[in-house]
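Work through the exercises below with the structure open. Try each task before reading its solution.

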Amino acid sequence: MSINIITIGKKHEPWITEGLDRYQKRLQKPYDVKWVLLPHSSLEGTQARQEESERIVQKLGKAEYVVLLDEIGKNLSSPELGAMLDTQFGRGSVTLVIGGAYGVTRELQQRADLVWSLSRLVFPHQLVRLLLIEQLYRAQEIQKGGKYHHI
């Protein structure tokens with residue numbers, strides 16, 4: 001088992017890649033990450049949202065626990081994130097979804113087992129990737145009792 005991250009957008013910018021690599025090298029099973037980057041839609045607005053959401057749904061397995069990142073989602077503390085992930089690892093795969101610039105459809109929101117907000121602020125998608133991988137590393141360290149997270 002591992003964590004799949006499905007995201008809409010272009011290849012990681014070099015400065016993002018450096019940060020992702022830093023944290024990804026530290027991750028250990030079941031916190032190892034596989035990235036699935038899907039291209040932006042050539043459409044705009046509702047049509048882009050629909051097309052991108054359909055492509056995301058096609059990548060989801062029926063038994064996967066799906067966490068959708070969205071600013072309207074539930075706020076979790078880092079310890080809560082770690083506990084949730086550990087619970088889900090015992091049940092199967094975990095997939096995290098970062099939608100496109102126009103968001104995702106209601107159908108994809110309903111498919112998600114959890115809609116999670118990193119913040120009520122809106123961040124660029126590339127930065128969300130970096131914040132996410134750091135939080136996954138932090139969750140791993142919390143769950144194994146490491147010293148990275150200080151309470």
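## Exercise 1: The sheet

Task: Find how many bridges join β3 to β4, and which way the two strands run.

Solution. The model is a predicted one. Start with the pair itself: β3 and β4 (residues 94-98) run parallel and are joined by 5 bridges. Valine 67 lies opposite leucine 96 of β4. Now widen the view. The open sheet has 5 strands, with parallel pairing, in the order β2-β1-β4-β3-β5. Its edges are β2 (33-38) and β5, each of which pairs on one side only.

## Exercise 2: α1 against α5

Task: Determine at what angle the axes of α1 and α5 cross, and classify the packing.

Solution. Take the axes of α1 (residues 14-24) and α5: they come within 9 Å and cross at roughly 10°. Angles under 35 degrees count as roughly parallel. The two helices, α1 and α5, are therefore roughly parallel to each other. Then list the contacts. From α1 come Trp15, Ile16, Gly19, Leu20, Tyr23 and Gln24; they meet Gln126, Leu127, Arg129, Leu130, Ile133, Glu134 and Tyr137 of α5. Sort this contact by class: 8 residues are nonpolar, 3 polar and 2 charged.

## Exercise 3: α3 against α5

Task: Repeat the analysis for α3 and α5, whose axes are 8 Å apart.

Solution. Helix α3 (residues 78-89) packs on α5 at about 80°. The range 65 to 115 degrees counts as roughly perpendicular. So α3 and α5 are roughly perpendicular to each other. Now the residues. On the α3 side are Ser78, Pro79, Leu81, Gly82, Ala83, Leu85 and Asp86; on the α5 side they meet Gln135, Leu136, Arg138, Ala139, Ile142 and Gln143. The class count for this contact is 7 nonpolar, 4 polar and 2 charged.

## Exercise 4: The largest pocket

Task: Work out which element gives the most residues to the lining of the largest pocket.

Solution. Begin with the volume: the largest pocket holds about 380 Å³ of space. Its lining has 21 residues, and Leu69, Asp70, Glu71, Val122 and His125 are the closest to the pocket centre. Next, assign elements. At least two lining residues come from each of β3 (65-75), β5 (114-117) and α5 (125-143). Of the elements, β3 gives the most, with 5 residues. Finish with the classes: the lining has 12 nonpolar, 7 polar and 2 charged residues.

## Exercise 5: A peptide bond

Task: Decide whether the bond from lysine 29 to proline 30 is cis or trans.

Solution. Recall the background: most peptide bonds are trans. Check omega for the bond from lysine 29 to proline 30: it is near 0°, and the bond is cis. Then locate the site. Proline 30 sits in the loop between α1 and β2.

Definitions and conventions:
Residues are numbered from 1 along each chain as its sequence is written. This is a predicted model: local features need pLDDT of at least 70, side-chain atom pairs count only at pLDDT 80 or more; totals for chains, interfaces and linings use all residues. Side-chain values use heavy atoms; hydrogens and water are left out. On a 1 Å grid over the protein atoms alone, a cavity is a set of points where a 1.4 Å probe fits but cannot get out, and a pocket is an open set with protein on both sides within 12 Å along at least five of seven lines; lining residues have an atom within 4 Å of a point. Grid points are joined across faces, edges and corners, and a volume is the space filled by probe spheres set on the points. Helices (H or I, at least four residues) and strands (E, at least two) are DSSP runs, numbered from the N terminus. Ala, Val, Leu, Ile, Met, Phe, Trp, Tyr, Cys and Pro count as nonpolar, Asp, Glu, Lys and Arg as charged, and the others, Gly among them, as polar. Axes are lines fitted to C-alpha atoms, for helices over the stretch in contact, and angles run from 0 to 180 degrees between N-to-C directions. Angles under 35 degrees count as roughly parallel, over 145 as roughly antiparallel, 65 to 115 as roughly perpendicular and the rest as oblique. Contact means heavy atoms within 4.5 Å. Two strands pair if DSSP finds at least two bridges between them.
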